[in-house]
Amino acid sequence: GFGEGRAFAFPLDVTKEDQWIYALEEADAAMGGISVLVNNAGISRGGDIEQLSLDDWRLVMSVNVDSVFLGTKHALRYMRQNQPGSIVNVSSIAGLIAAHNSPAYNASKAAVWLLSKGIALHCAKQGLDIRSNSIHPTFIDTPILDPLRQRFGKQEAEAKLARQIPLGRIGEPADVANLVVYLASDESRFMTGAELKLDGGISAM
Ligand SMILES: NC(=O)c1ccc[n+]([C@@H]2O[C@H](COP(=O)([O-])OP(=O)(O)OC[C@H]3O[C@@H](n4cnc5c(N)ncnc54)[C@H](O)[C@@H]3O)[C@@H](O)[C@H]2O)c1
């Protein structure tokens, strides 16, 4: 059911270890335990390898990769008290397929891909019933696409993206949410260390 006491929010900067420690402690207390961690925060910065600044490279790596490292490192302490558990790391199809103009995004999302597997193996070796998987969406209708919409206009930008996707459209947030719900639930209890593509068929080509 919905209503007061059913959902809690604890804002944090995912690149900051002390903020993770505080937020997880608060979340654990508020919810009476933690069994699911979804590492979703992520950013992109444009520019090819010659244009991208070191500052932007470091920013993307820290938001996209440090976040998964820190969140998982500190959440496991609580999750092991609340098994079964599931960690869902939001990578991207860009973590499996490169482009000429997104070196930091590609590298960071590829790091999330293999980090997820390492976490899965660590948990398994520890005898924990805690799974870790990565998901790899293609373009989804969220504000992350705004720079492109500004550049080409909303309609043309979305049509440009849709043309690259066999299913002929960009994805919706609900498409991602449904996959996260599956991975968070016991319906996926035998799946760990997997990478799930949610790409409308792009990578089948
Ligand atoms: N939309 C897409 O096309 C697409 C495709 C593949 C993967 N992804 C990934 O999906 C995830 C969600 O992205 P989105 O599409 O909703 O984009 P978005 O820009 O709408 O949301 C990103 C969120 O990350 C948060 N964030 C950024 N830096 C943060 C920090 N230091 N600490 C805490 N939060 C921070 C922002 O506040 C924002 O709410 C990201 O990891 C993104 O890389 C998106």
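Which residue has a side-chain N or O atom 2.9 Å from a nitrogen atom of the ligand? In this predicted model, local features require pLDDT of at least 70 and side-chain atom pairs count only at pLDDT 80 or more, whereas totals for chains, interfaces and linings use all residues. Residues are numbered from 1 along each chain as its sequence is written, and side-chain values use heavy atoms, with hydrogens and water left out.

The residue in question is D13. A nitrogen atom of the ligand also lies 2.9 Å from a backbone N or O atom of V14. An oxygen atom of the ligand is 2.6 Å from a polar side-chain atom of Y105. These are polar contacts, defined as pairs of N or O atoms within 3.5 Å; within protein, one atom must be able to donate a hydrogen and the other to accept it, and residues adjacent in sequence count only if both atoms are side-chain atoms.

Strand β2 spans residues 85–90, and six of its six residues are buried, so the strand is largely enclosed by the rest of the structure. Here, buried denotes under 20% relative accessible area, exposed over 50% and partly exposed the range in between, with a 1.4 Å probe and protein chains only. Helices (H or I, at least four residues) and strands (E, at least two) are DSSP runs numbered from the N terminus. In a regular strand, side chains alternate between the two faces of the sheet. In β2, G85, I87 and N89 point one way, while S86, V88 and V90 point the other way.

Strand β1 (residues 36–39) pairs with β2 in the parallel sense over four bridges, with V36 opposite S86. Two strands are taken to pair if DSSP finds at least two bridges between them. On β2, S86 also stands opposite R131 of β3; β2 and β3 (residues 130–137) run parallel and are joined by six bridges.

The buried residues of α3, including Y105, K109 and S116, pack against α2, β2 and β3. Within α3, N106 counts as buried because its relative accessibility is 10%. A polar atom of the N106 side chain lies 2.7 Å from the backbone oxygen of A94. Leaving aside neighbours within four places in sequence, N106 is in contact (heavy atoms within 4.5 Å) with A94, G95, I97, A98 and A99. Just after α3, G127 adopts a positive phi of about 75°.

S132 is located in β3 and counts as buried, at 0% relative accessibility. Its side chain has a polar atom 2.8 Å from the backbone oxygen of S116. Residues up to four places away in sequence not being counted, S132 touches I87, N89, S116, I119, A120, T192, G193 and A194.
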